[in-house]
Amino acid sequence: MIRVGQGFDVHQLVEGRPCIIGGVTIPYEKGLLGHSDADVLLHAISDAVLGALGLGDIGKHFPDTDPAFKDADSLKLLEHIWKLVKERGYKLGNIDATIIAQKPKMAPHIPHMVEIIAGALEAEELSQVNVKATTTEWLGFTGRGEGIAAQSVVCLVKVVL
Ligand SMILES: Nc1ccn([C@@H]2O[C@H](COP(=O)(O)O)[C@@H](O)[C@H]2O)c(=O)n1
Ligand SMILES: C[C@@]1(CO)OP(=O)(O)OP(=O)(O)OC[C@H]1O
């Protein structure tokens, strides 16, 4: 039995915030705005995982009106979601994700993001986690550097005992 989910998220780029993407703090003049640490990639992955199991979305589990999640570490939120996956008897098949950003350059940071995500989702091998980046060729809100988007697809596999 396999289950598939997809996730999409956007956060605004502003001055005075850290730029945390995929659990990695990327040196950049701006950072992502949100109630949590605004890790747009981990949010897209969280939504994909929740979607695969029919468990709603990240806002349902961690409301942005709840002070408990102010400046929350999105890796911790993903780890909590992963417990729900394991409780239901699933493990990671594979995950594919795309960061949509004109700047900063993601490529040097992607191997570190993959390691972090693979750790949180208890991947058996790093090839189960793929992270990509693309610009939008200066077009739209991402192209103008107003924000960063991310999307993800995840496949979960039922553990056979
Ligand atoms: N923020 C980004 C965007 C892109 N990359 C890498 O550059 C390649 C070319 O991007 P295009 O949008 O021109 O297709 C892309 O395949 C990524 O490897 C990046 O590192 N950071
Ligand atoms: C993560 C949460 C909760 O702190 O806040 P944000 O950082 O605003 O992120 P978003 O992707 O808008 O939705 C989920 C929120 O409930």
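What is the handedness of the crossing of α1 and α3? The exercises below use a predicted model.

**Exercise 1. Describe how helices α1 and α3 pack.**

Solution. 
Step 1. Two packed helices are described by the angle between their axes and the distance between the axes.
Step 2. Locate the helices: α1 spans residues 40-52, and α3 spans residues 74-87.
Step 3. The angle between α1 and α3 is about 15 degrees, and their axes are 10 Å apart.
Step 4. Angles under 35 degrees count as roughly parallel, and therefore α1 and α3 are roughly parallel to each other.
Step 5. The crossing of α1 and α3 is left-handed, which answers the opening question.

**Exercise 2. List the residues through which α1 and α3 meet, and sort them by class.**

Solution. 
Step 1. On the α1 side, the residues are L42, H43, I45, S46, V49 and L50.
Step 2. On the α3 side, they are S74, L75, L77, L78, I81 and V85.
Step 3. Sorted by class, this contact of α1 with α3 holds nine nonpolar residues, three polar ones and no charged ones.

**Exercise 3. Find the annotated "binding site" residues and state how they are arranged in space.**

Solution. 
Step 1. The unreviewed UniProt entry lists D9, H11 and H43 under "binding site".
Step 2. These residues are spread over 35 residues of sequence, yet they cluster in space, with a largest C-alpha distance of 10.0 Å.

**Exercise 4. Compare the shells around ligand 1 and ligand 2.**

Solution. 
Step 1. Ligand 1 is surrounded by A101, K105, M106, A107, A133, T134 and T135.
Step 2. By class, the shell of ligand 1 has four nonpolar, two polar and one charged residue.
Step 3. Ligand 2 has 13 residues around it, and the closest are G34, H35, S36, D64 and F69.
Step 4. The shell of ligand 2 divides into six nonpolar, five polar and two charged residues.

**Exercise 5. Describe the backbone at P104 and at D71.**

Solution. 
Step 1. Most residues other than glycine have a negative phi, and most peptide bonds are trans.
Step 2. The peptide bond from K103 to P104 is cis, with omega near -5 degrees.
Step 3. P104 belongs to the loop between β5 (90-100) and α4 (110-120).
Step 4. D71, a residue other than glycine, has a positive phi near 60 degrees.
Step 5. D71 sits in the loop that runs between α2 (58-61) and α3.

Note on methods. Residues are numbered from 1 along each chain as its sequence is written. Chains are lettered from A and ligands numbered from 1 in the order in which they are written. This is a predicted model: local features need pLDDT of at least 70, side-chain atom pairs count only at pLDDT 80 or more; totals for chains, interfaces and linings use all residues. A residue is near a molecule or strand if its C-beta atom, placed from the backbone, lies within 6 Å of it. Ala, Val, Leu, Ile, Met, Phe, Trp, Tyr, Cys and Pro count as nonpolar, Asp, Glu, Lys and Arg as charged, and the others, Gly among them, as polar. Axes are lines fitted to C-alpha atoms, for helices over the stretch in contact, and angles run from 0 to 180 degrees between N-to-C directions. Helices (H or I, at least four residues) and strands (E, at least two) are DSSP runs, numbered from the N terminus. Angles under 35 degrees count as roughly parallel, over 145 as roughly antiparallel, 65 to 115 as roughly perpendicular and the rest as oblique. A crossing is left-handed if the near helix is turned anticlockwise from the far one by less than a right angle, and right-handed if clockwise. Two residues are in contact if their C-beta atoms, placed from the backbone, lie within 7 Å. UniProt positions are given in the numbering used here, feature names are shortened, and annotations may be inferred rather than shown by experiment.
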